[in-house]
Amino acid sequence: FQVGHLQLNGGTLSGAGTLETLDFIWSGGTLGSGGGALSILAGGTGSASGAALGNLTGFTLRNAGTFTWNALDVSGQVRFTLSGRFVNEATGIFNLGVDAHFVTPGGMGEGFFDNAGTFRKTTSGTALFGQAQGVTFSNTGTVEVLGGVLQLGSSLTTVTHTGTFTLSAGTTLAVVGGTHAFSNTSITGAGAFAISGGVALLPAATTFQVGHLQLNGGTLSGAG
């Protein structure tokens with residue numbers, strides 16, 4: 001099932017099939033249940049905005065184009081539940097333009113954000129992935145922290161990152177909970193790497209060169 005344009009302004013999109021589009025606008029309603037997927041194709045665009053978005057629940061949203069996220073609810077949260085998953089594919093660019101907390105509340109299964117492409121945080125405040133049961137953020141591509149603070153929190157499992165993290169001056173990548181293994185990757189730039197909770201593991205193959213290191217709590221360990 002492939003359409004040129006898709007707008008989700010309310011209600012629920014669900015099912016076990018796959019819907020493909022070059023243009024997706026999500027301003028309200030829920031992507032939920034059925035185990036299906038919505039894919040933004042390479043060269044396409046997607047966006048999520050406003051305070052009326054429902055959860056990403058038991059459904060997968062894939063981006064191979066350019067996706068801009070400016071949505072959060074009145075409590076400042078975005079909720080992925082019951083194995084709801086966002087996949088930023090190898091050709092995908094994900095622009096996070098809002099300081100949201102991506103969470104999975106207790107009792108609501110797990111949520112996932114898988115970055116295999118380019119993930120950019122541009123806002124000046126703090127964005128959080130994790131705590132409670134998720135959302136589990138894993139990076140196998142490139143993360144660029146261009147503004148503010150990107151926090152990686154706890155989830156139900158150990159998270160392994162094999163992609164790169166680049167921290168611009170004045171920014172921070174912070175481990176605030178859970179166990180995050182930075183394996184065969186690099187964390188570089190003029191910004192700060194902070195551990196204030198949880199565990200940051202740096203195996204032998206990790207390149208770690210940042211402008212500032214802050215150990216405020218938690219554990220920093222490994223052979224890297």
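This is a predicted model: local features need pLDDT of at least 70, side-chain atom pairs count only at pLDDT 80 or more; totals for chains, interfaces and linings use all residues.
Local features need pLDDT of at least 70, side-chain atom pairs count only at pLDDT 80 or more, and totals for chains, interfaces and linings use all residues. Residues are numbered from 1 along each chain as its sequence is written, and side-chain values use heavy atoms, with hydrogens and water left out.

**View 1. Salt bridge between Glu-89 and Arg-62.** A salt bridge is a side-chain nitrogen of Lys or Arg within 4 Å of a carboxyl oxygen of Asp or Glu. The count by this rule is 4. Here the closest N and O atoms are 3.3 Å apart. Glu-89 sits in the loop between β9 (84-88) and β10 (93-96), Arg-62 in strand β6 (residues 60-63). The partners are 27 residues apart. Strands (E, at least two residues) and helices (H or I, at least four) are DSSP runs, numbered from the N terminus. Glu-89 is partly exposed at 27% relative accessible area. Arg-62 is also partly exposed, at 32%. The cut-offs are under 20% for buried and over 50% for exposed, with partly exposed in between (1.4 Å probe, protein chains only).

**View 2. Salt bridge between Asp-114 and Arg-85.** The closest N and O atoms lie 2.5 Å apart. Asp-114 belongs to strand β12 (residues 111-115) and Arg-85 to strand β9, so the pair ties together parts 29 residues apart in sequence. Arg-85 is partly exposed, with 25% relative accessibility.

**View 3. Salt bridge between Arg-120 and Glu-144.** The closest N and O atoms are separated by 2.9 Å. Strand β13 (residues 118-121) holds Arg-120 and strand β16 (residues 142-145) holds Glu-144, so parts 24 residues apart in sequence are tied together. Arg-120 is partly exposed, at 28% relative accessibility.
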